[in-house]
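The sequence and structure come before the text.

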Amino acid sequence: MHVTIEKAAAWLGVAMLGGFLVMFWFIAGLIPPMSPALTAEQTARIYSDHGLRIRIGLALMLLFCWLFAPFLALLSRQVRRIEGYWGVMSLTQVMLSVTFPFGFSLCALFGVAAAYRPERNPDVTQALSDMFWFIFVGLVGPLITQVIILAFCVFIDRRQVPSFPRWFGYFNIWYAVLGVPGCAIFLFKTGPLAWNGMFAFWIPLTVFCIWMIVTAIMLTKAVDVEAAERKARAAKREWEPAA
Amino acid sequence: MSQTSLRPAGGDQSSVTRPAPHVPGEPGVWIFLFGDMVVFGVFFATFMYQRAQAPELFDASRHTLNIAIGLTNTLVLLTSSLLVVTAVRAIRLSQPGAAQLMLAGALVCGLIFIGFKAVEYTAKVRAGHIPTENNFYLYFFILTGLHLFHVLIGVGVLILLMTQARRRNLSATRMAVVEGGGCFWHLVDLLWIVLFALLYLVS
């Protein structure tokens, strides 16, 4: 039974990725991003003209972004399996996993707040909008740290049948390197490192989508590895180590 | 390579077993290397597109760059790549002393590169060429900055290789890690050569 549950958790991550794209892109229309170089009036106009769809899209995100949690729980469990006990790597993985849905929900909260009162002073709307983009695009540290820990775990896995193939470790490093430019958005208002730029937004978004899908597939395989291990243990009548 | 030359001249070709193709490092590391190259390809294409929008501005700004520093850095990185190749060969032949010496040389080259970059950045900022001046300088700082980020990672990789070079008999996995690390340093070198041509030379 729990093989089914864990695989469902992995695929739920992919489903939520799709959900995120639908809510942000098609419902709220916040992707492609507005330019950070817009004036307060222009920014406020976007939030008042498209206020309803922005609020609906982000409200859905606020409701559903917590469904990323099972995916992250599975990720942390697999790191715990490689580490062998609740050590620093798996605990850090758990703690940073907690921040993941909050990243989405916090930015969504600022976004709905910006769209909530179209009649207010445009400067306030712009400030709220800035907060939305800073959290949505610029808060890259937690995920990058998670991914580096994951890569490290893949490399040090010395068990006979490792949970993940070694290329998955290199793949994670690739994602970590490409995710870093997002942290530069606070310094630019135009160009490729602004929050609507090629290097800070489009490439990290693309790579994030690829990472979610590949990681979900790898997690389902790791669940199979674990199930086979458990079966072999049961045949030999060995006790399962305490989790 | 040596197995192929040992092939019997008149022997039945089909019965001769071909040596398995050797991928430097491990196949997985190429996911990272090719992935990185693809993304830098996108960066270069973006730069070329922006250049096509304002060719005069980009050409005029290009002339304010210091080609001497760029060329020196190119030579420094090429030298370091050569040292890394020699070091990997020395590790394979179990000569830890020579390997460590070569890697230390490569590391010094990497630090020289960073030093020159710092000098160049300082001079540019002093002369008023900051990223917000125009699109050329925006891309100049971003592209060389991203590359510098790779050099910093590469310095970490070289230190890792030095710790591995101390061992006498490396396991297959460790040898693959060493080769993969070497390949990463070559990637850093390769990206710089393209960047040097693109930013300093192409008119």
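Just after α1(A), G29(A) adopts a positive phi of about 70°. The model is predicted, so local features need pLDDT of at least 70, side-chain atom pairs count only at pLDDT 80 or more, and totals for chains, interfaces and linings use all residues. Residues are numbered from 1 along each chain as its sequence is written, while chains are lettered from A and ligands numbered from 1 in the order in which they are written. Helices (H or I, at least four residues) and strands (E, at least two) are DSSP runs, numbered from the N terminus.

With 26 residues, α1(A) reaches 35 Å from its first C-alpha to its last, close to the 38 Å expected at 1.5 Å a residue; the expected span is 1.5 Å times one less than the number of residues. The buried residues of α1(A) are E6(A), A9(A), A10(A), G13(A), M16(A), F20(A), M23(A) and F24(A). A residue is buried if 20 or more other C-beta atoms lie within 10 Å of its own, exposed if 12 or fewer, and partly exposed in between, with C-beta atoms placed from the backbone. These buried residues of α1(A) pack against α3, α4 and α9 of chain A.

The loop between α1 and α2 (40-49) of chain A holds P32(A). The peptide bond joining I31(A) and P32(A) is cis, with omega about -5°. Most peptide bonds are trans.

## Helix pairs in chain A

The axes of α1 (residues 2-27) and α3 (residues 51-64) of chain A come within 8 Å and cross at roughly 165°. Axes are lines fitted to C-alpha atoms, for helices over the stretch in contact, and angles run from 0 to 180 degrees between N-to-C directions. α1(A) and α3(A) are therefore roughly antiparallel; angles under 35 degrees count as roughly parallel, over 145 as roughly antiparallel, 65 to 115 as roughly perpendicular and the rest as oblique. The crossing of α1(A) and α3(A) is left-handed, a term used if the near helix is turned anticlockwise from the far one by less than a right angle, and right-handed if clockwise. On α1(A), M16(A), G19(A), F20(A), M23(A), F24(A) and I27(A) meet R53(A), I56(A), G57(A), L60(A), M61(A) and F64(A) of α3(A). By class, the residues of this contact are 9 nonpolar, 2 polar and 1 charged. Ala, Val, Leu, Ile, Met, Phe, Trp, Tyr, Cys and Pro count as nonpolar, Asp, Glu, Lys and Arg as charged, and the others, Gly among them, as polar.

α4 (residues 69-83) and α9 (residues 198-235) of chain A pack at an angle of about 45°, with their axes 11 Å apart. α4(A) and α9(A) are therefore oblique to each other, and their crossing is left-handed. L74(A), L75(A), Q78(A) and R81(A) of α4(A) make the contact with L219(A), A222(A) and E226(A) of α9(A). The residues there comprise 4 nonpolar, 1 polar and 2 charged.

## Chain A as a whole

Chain A has 9 helices and 0 strands. Its C-alpha atoms fill a box of roughly 70 × 30 × 25 Å along the principal axes. Of its 243 residues, 40% count as buried. Among contacts in chain A with a separation of 6 or more, 73% involve residues 24 or more positions apart; two residues are in contact if their C-beta atoms, placed from the backbone, lie within 7 Å.

F102(A) lies in α5 (residues 88-116) of chain A and counts as partly exposed because it has 15 C-beta neighbours inside 10 Å. The C-alpha atoms of F102(A) and L62(A), 40 residues apart along the chain, are separated by 9.3 Å.

## Helix α5 of chain B

α5 (residues 96-126) of chain B has 31 residues and reaches 45 Å from first C-alpha to last, close to the 45 Å expected at 1.5 Å a residue. Among its buried residues are M102(B), F113(B) and K124(B). The buried residues of α5(B) pack against α4 (67-92), α6 and α7 (172-201) of chain B. G128(B), with a positive phi near 85°, follows α5(B).

In the loop between α4 and α5 of chain B is S94(B). S94(B) is not a glycine, yet has a positive phi of about 55°. With 11 C-beta neighbours inside 10 Å, S94(B) counts as exposed.

## Contact between the chains

The contact takes 15 residues from chain B and 17 residues from chain A. On the side of chain B that touches chain A, the elements giving two or more residues are α2 (27-53) and α6 (135-165) of chain B. α2(B) supplies the largest share of that side, 11 residues. By class, this side of chain B has 10 nonpolar, 3 polar and 2 charged residues.
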